[in-house]
Amino acid sequence: MKPSAYVFFILSLLICGFSAAFPSADSETKEFDAKNIKAVEVTNNSGSIHVIGSDSDKASLLIEKIKAPESCSVNAVQKESTLTVKVEKSTSSLSGCEINLTLNVPKNINLKIINGSGDIVIRDTKGDLDYTLGNGDIR
């Protein structure tokens, strides 16, 4: 093999290897009417949860699927004044399901957050905070 072909071959392997090792996250955004939201409940087994207070008329949820087999899903429902976000898996175990959630919600909000593994970051909100965190930091 010629040296230039050898270098090209090695570079191709490196690039393909990095692509497989660091796949891009699949993401989606959902929007809700923020006017009536007074409370947010979030349950996630693995992944970060960011909650950001906003003055917008719309609340939004950014879902970043880091490691999410087909059996892993995010259920987000606004019922009356509560927005409930829950990472669910159709099998009995949530292992292998890693999803980062970013919520933009009204500033005056009561939060209930349950996260098994991953950081919880809360900015620019006022209201009660009830949380359970297995592994990770809260800021």
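## A salt bridge at the chain's tail

R139 is exposed, with a relative accessibility of 56%. This is a predicted model, and in it R139 pairs up with D119 in a salt bridge whose closest N and O atoms sit 3.0 Å apart. R139 belongs to the segment after β10, while D119 is in the loop between β8 and β9 (120-123), so the bridge ties together parts 20 residues apart in sequence. D119 has a relative accessible area of 23%, so D119 counts as partly exposed.

## The other charged pairs

How many salt bridges does a search of the whole structure find? The count comes to 3. As a bit of background, side chains of opposite charge can pair when their charged atoms come close.

One of the 3 joins E28 and K65, with 3.6 Å between the closest N and O atoms. Here strand β1 (residues 26-33) supplies E28 and strand β4 (residues 58-67) supplies K65, so parts 37 residues apart in sequence get tied together. Both ends are partly exposed: E28 has 34% relative accessibility and K65 has 23%.

D55 and K107 make another, at 3.8 Å from N to O. This pair links distant parts of the chain, 52 residues apart: D55 is in the loop between β3 (49-54) and β4, and K107 is in the loop between β7 and β8. D55 is exposed at 66% relative accessibility, whereas K107 is partly exposed with a relative accessible area of 33%.

## The disulfide

Searching the whole structure turns up 1 disulfide. The partners are C72 and C97, and their sulfur atoms are 1.7 Å apart. Again distant parts of the chain are linked: C72 sits in strand β5 (residues 72-79), C97 sits in the loop between β6 (82-89) and β7 (98-106), and 25 residues separate them.

Are these two cysteines buried or exposed? C72 is buried at 6% relative accessibility, and C97 is buried too, at 2%.

Now for the strands. In general, strands of a sheet pair through backbone hydrogen bonds, either parallel or antiparallel. In this model, 5 strands line up as an open sheet in the order β5-β6-β2-β8-β10, and the pairing is mixed. The edges are held by β5 and β10 (129-135); each has a single partner strand, so one side of each has no neighbour in the sheet. Going from one strand to the next, the twist averages 10°.

At the β10 end, strand β8 (residues 110-117) and β10 run parallel, joined by 6 bridges. Within β8 and β10, I114 stands opposite T132 in β10.

With a relative accessible area of 16%, A76 counts as buried. Leaving aside residues up to four places away in sequence, A76 touches K30, F32, L61, T84 and V85. What about E31? A76 and E31 are 45 residues apart in sequence, and their C-alpha atoms are 9.8 Å apart in space.

T102 lies in strand β7 and is buried, its relative accessible area being 16%. Beyond residues up to four places away in sequence, T102 has contacts with H50, I52, S60, L61, L62 and E64. L61 shows up in the contacts of A76 and in those of T102.

Technical notes: Residues numbered from 1 in each chain as written. Predicted model: local features only at pLDDT ≥ 70, side-chain atom pairs only at ≥ 80, totals over all residues. Heavy atoms only, no water. Disulfide = S-S within 2.5 Å. Helix = DSSP H or I, 4+ residues; strand = E, 2+ residues; numbered from the N terminus. Buried < 20%, exposed > 50% of the residue type's maximum accessible area, 1.4 Å probe, protein only. Contact = heavy atoms within 4.5 Å. Pairing = 2+ DSSP bridges. Axes fitted to C-alpha atoms, helices over the stretch in contact; angles between N-to-C directions. Salt bridge = Lys/Arg side-chain N within 4 Å of Asp/Glu carboxyl O.
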